[in-house]
Amino acid sequence: MKHLEFQYKALANRRRLAILKYLKYHNKASVGDIAKEIKLRIKSTSKHLRILSAVDFLDREQQSLNVFYFLPENKPTILKEILSQF
């Protein structure tokens, strides 16, 4: 039950929803690319990405000094529902 609460809280933010929408159409992106798209500092964007990752809404991949984020293959049901709205 607690995990579901955290999932809903993660979705209750327009910046995090913007990140999910961006990744739905761009598959994989770096923190810098996402920050530029949602017009937010990298530090703040990283915080939002950590929150989304903590509830299994994002996966990440380290490539050299860059971290790339993408939607997981096995998406939670609630994430599938949200993504269908974009």
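**Turn residues, strand pairing and helix packing**

Ser-64 has a relative accessible area of 67% and is therefore exposed (over 50%; buried is under 20% and partly exposed lies in between, with a 1.4 Å probe and protein chains only). The model is a predicted one, in which local features need pLDDT of at least 70 and side-chain atom pairs count only at pLDDT 80 or more, whereas totals for chains, interfaces and linings use all residues. Residues are numbered from 1 along each chain as its sequence is written, and side-chain values use heavy atoms, with hydrogens and water left out.

Ser-64 lies in the loop between β2 and β3 (helices, H or I, of at least four residues and strands, E, of at least two are DSSP runs numbered from the N terminus). The phi of Ser-64 is near 60 degrees, a positive value in a residue other than glycine. Most residues other than glycine have a negative phi. A positive phi, near 55 degrees, is also found for Lys-39, again a residue other than glycine. Lys-39 belongs to the loop between α3 and α4 and counts as exposed because its relative accessibility is 69%.

The turn with Ser-64 is part of a hairpin formed by β2 and β3, with 2 residues between the strands. Strand β2 (residues 59-63) runs antiparallel to β3 and is joined to it by 5 bridges (two strands pair if DSSP finds at least two bridges between them). Gln-63 has Asn-66 in β3 as its bridge partner. Strand β1 (residues 28-30) also pairs with β3 in the antiparallel sense, over 3 bridges, and Lys-28 stands opposite Phe-70 of β3.

The 3 strands make up an open sheet in the order β1-β3-β2, with antiparallel pairing. β1 and β2 are the edge strands, each pairing on one side only. On average, neighbouring strands of this sheet are turned by 30 degrees against each other, direction ignored (axes are lines fitted to C-alpha atoms, for helices over the stretch in contact, and angles run from 0 to 180 degrees between N-to-C directions). In β3, Tyr-69 is the residue opposite Arg-60. Helix α2 packs on the sheet, where it touches β1 and β3, and its direction makes about 125 degrees with that of β1.

Helix α4 is in contact with two other helices treated here. The axes of α2 (residues 14-26) and α4 (residues 42-54) come within 10 Å and cross at roughly 75 degrees. This angle makes α2 roughly perpendicular to α4 (65 to 115 degrees; angles under 35 count as roughly parallel, over 145 as roughly antiparallel and the rest as oblique). Arg-15, Arg-16, Ile-19 and Leu-20 of α2 make the contact with His-48, Leu-49, Ile-51 and Leu-52 of α4 (contact means heavy atoms within 4.5 Å). By class, 5 residues of this contact are nonpolar, 1 is polar and 2 are charged (Ala, Val, Leu, Ile, Met, Phe, Trp, Tyr, Cys and Pro count as nonpolar, Asp, Glu, Lys and Arg as charged, and the others, Gly among them, as polar).

The axes of α3 and α4 are 9 Å apart and the helices pack at an angle of about 105 degrees, so α3 is roughly perpendicular to α4. The residues that meet are Val-31, Gly-32, Ile-34, Ala-35 and Ile-38 in α3 and Ile-42, Thr-45, Ser-46 and Leu-49 in α4. In the contact of α3 with α4, 6 residues are nonpolar, 3 are polar and none is charged. Ile-42, in helix α4, touches Val-31, Gly-32 and Ala-35 when residues up to four places away in sequence are not counted. Ile-42 and Gly-32 are 10 residues apart in sequence, with a C-alpha to C-alpha distance of 6.1 Å.

Apart from its neighbours within four places in sequence, Leu-20 is in contact with Leu-11, Leu-52, Phe-57, Leu-58, Leu-71, Leu-79, Leu-83 and Phe-86.
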